[in-house]
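Here are a few friendly notes to read alongside the model. Please have the coordinates open as you go.

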Amino acid sequence: MYQVFIRPLLEYGNILWDNCTIENKRSVENVQLEAARLVTGATKLCSIQRLYDETKWETLQRRRNKHKLIQLFKMINGQVPPYLQQLIPLRVQQIARYPLRNSQNYSVPPSRTVTYSSSFLPSTLRDWNALDQNIKDAPSLQIFKNRINGPKRFPPKHFEQQQVSRAVQVLHTRLRLECSSLNHHLYQKNLVDSPLCSCGQIETTTHYFLHCPNYLQPRQHYFSALPYQLTLSLLLNGLQDVPTEVNNMIFKQVQLFIIATKRF
């Protein structure tokens with residue numbers, strides 16, 4: 001819903017207003033970050049990088065940069081009206097008297113202000129000149145898009161499927177993103193005075209799942225059914241290159257364990 005209804009509003013005309021202030025860019029990005037927290041159930045204790053790794057979303061700034069490059073590709077290759085094509089400056093080889101290594105680059109218009117330097121044409125020309133030649137020589141717009149986008153990334157399917165309930169799925173996700181109410185997570189954000197568990201050890205995610213004596217019985221009950229070596233990565237992320245049903249089974253046992261511990 002966010003990607004279909006909200007993000008297009010945040011990106012309307014973005015190749016023109018991308019030279020706005022850093023504060024304005026941050027305000028727009030915060031809308032996406034809040035959407036990511038709603039989708040994942042993460043709290044504001046979660047780092048932005050972890051949040052983007054979890055959702056596999058790109059930052060809006062990264063998307064704006066790509067949108068500008070796509071527009072420039074269309075201008076260079078005559079896929080826009082003539083008045084836009086005329087904005088393309090000369091290449092370095094058409095200006096320099098001597099052969100240079102960057103002769104195929106476009107000359108960037110000089111800028112006297114930061115606002116103009118970060119506007120569409122100067123900023124996009126700099127990004128274009130920095131691209132690999134293989135990308136710039138793409139034979140079509142679609143191939144150019146594919147090359148600058150790279151392979152699409154999606155969250156694992158078992159991250160999105162509810163095994164017990166949405167509430168427990170959120171708790172599981174927060175443990176994976178290190179933004180749960182475990183004392184170690186809260187201590188890292190200066191929200192509690194001590195990172196210790198009631199058993200006296202540091203209450204990390206590893207301690208909670210694998211070592212805490214307070215949860216020995218539910219650990220034996222739910223994890224003994226897993227026919228795999230018990231590791232933190234298995235409990236938080238599942239396995240790679242296995243059917244989704246296998247990871248669903250693993251996640252269900254983990255989430256039943258979370259309920260049984262009554263820690264959250």
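Residues are numbered from 1 along each chain as its sequence is written, and side-chain values use heavy atoms, leaving out hydrogens and water. This is a predicted model, where local features need pLDDT of at least 70, side-chain atom pairs count only at pLDDT 80 or more, and totals for chains, interfaces and linings use all residues.

1. The whole structure holds 10 salt bridges (a side-chain nitrogen of Lys or Arg within 4 Å of a carboxyl oxygen of Asp or Glu). One of them joins Arg 63 to Glu 11, with the closest N and O atoms 2.5 Å apart. This pair links helix H5 (residues 60-76) to helix H1 (residues 2-11), its partners lying 52 residues apart. Arg 63 is buried at 17% relative accessible area, and Glu 11 is buried at 13% (buried means under 20% relative accessible area, with a 1.4 Å probe and protein chains only).

2. Do look at Asp 18, which is buried at 3%. Its side chain meets Lys 25 in a salt bridge (3.8 Å, N to O), and Lys 68 in another, at 2.8 Å between the closest N and O atoms. Lys 68, in helix H5, is 50 residues from Asp 18, which sits in the loop between helix H2 (14-17) and helix H3 (22-40). Lys 68 is buried too, at 2%. Shared partners join Asp 18, Lys 25, Arg 64 and Lys 68 into one network.

3. Helix H15 (residues 216-223) packs on helix H17 (residues 244-261) at about 160°, with axes 9 Å apart. H15 is therefore roughly antiparallel to H17 (angles over 145 degrees count as such).

Technical notes:
Axes fitted to C-alpha atoms, helices over the stretch in contact; angles between N-to-C directions. Helix = DSSP H or I, 4+ residues; strand = E, 2+ residues; numbered from the N terminus. Parallel < 35°, antiparallel > 145°, perpendicular 65-115°, else oblique. Buried < 20%, exposed > 50% of the residue type's maximum accessible area, 1.4 Å probe, protein only.
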